[in-house]
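Hi everyone, thanks for coming.

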Amino acid sequence: MRSFIYIAYNGKNYCGWQNQPNGTSVQQKIEETLSILLRKPIAVVGAGRTDAGVHASLMVAHFDHDPIFEPDGFAEKMNRMLPGDIAIRMIKPVHEDAHARFDAVSRTYKYYVTTKKNPFRNDFSCRISFPLDFEAMNRAASILFDYIDFTSFSKLHTDVKTNNCKIMQAEWIREEEDMWVFTIKADRFLRNMVRAIVGTLLDVGRKKITEKDFRAIIEQKDRCKAGTSVPPQALFLVDVEYPY
């Protein structure tokens, strides 16, 4: 049998979602727990990978298993074994060829920016100490819809075959007086893409570059032309959608 597992995690203490040789990953913790409970080695395949320090309120992965457990009860067993910064939200049986990564039709990320110092938000937002023009940032964000090649916002020397992505949503919304949230939804994302886009939009907001410059950065397909990647702790993977 194959099941999808829906996971939430605080990424502060992990090297990211994907297994790495020199750090503890979220994937590693999930696989270790499944392997203990199912009494054999279990591998999980995630919908994507989040970088070190990035969080997820919803990550989806799949794993194969014998039909020996009741999903809700098994999820609770996993939660009792997993560390406090990883939670299993749900386990759902799916058809045998369902794939958490390749079948996903969209992923959605949110990036949280706060304009006031707040010690209770340090782990989940990025504090900005300079004025920002969010209207200009939204106008620049809308330019993303005109393109599919986002090489300028991709980490260099990755092993992907294409840097093309279809962006479906990109906007800044004020959630509280001192909190703005950037939401971006696409069929796929390149490594470091969201943090690079946000960093470049912040340059627009503080008048370091114009909206015309933002468009030119995309067209140059050169990571060195884009802005600095913003810190990871303010970034959340919040949704993964499937056609079933």
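Start with Arg206, which sits over the face of Phe130, 3.7 Å from the ring centre. For a charge to sit over a ring, NZ of Lys or CZ of Arg must be within 6 Å of the ring centre and within 35 degrees of the ring normal.

A word on the source: this is a predicted model, where local features need pLDDT of at least 70, side-chain atom pairs count only at pLDDT 80 or more, and totals for chains, interfaces and linings use all residues. Residues are numbered from 1 along each chain as its sequence is written, and side-chain values use heavy atoms, leaving out hydrogens and water.

Now, how many aromatic pairs are there? The count comes to 11, where rings of Phe, Tyr and Trp (its six-membered ring) pair if their centres lie within 6.5 Å; planes under 30 degrees apart are stacked, over 60 edge-to-face, and the rest tilted. Phe4 and Tyr244 are tilted because their planes are at 45 degrees, with centres 6.2 Å apart. That pair links distant parts of the chain, 240 residues apart. Buried or partly exposed? Phe4 is buried, at 1% relative accessible area, while Tyr244 is partly exposed, at 40%. Here buried means under 20% relative accessible area, exposed over 50%, and partly exposed in between, using a 1.4 Å probe and protein chains only.

Phe124 and Phe236 are tilted too, 6.1 Å centre to centre with 35 degrees between the planes. Phe124 is partly exposed at 33%; Phe236 is buried at 17%.

Finally, Phe134, Trp172, Trp180 and Phe182 form one aromatic cluster.

Key
Helix = DSSP H or I, 4+ residues; strand = E, 2+ residues; numbered from the N terminus.
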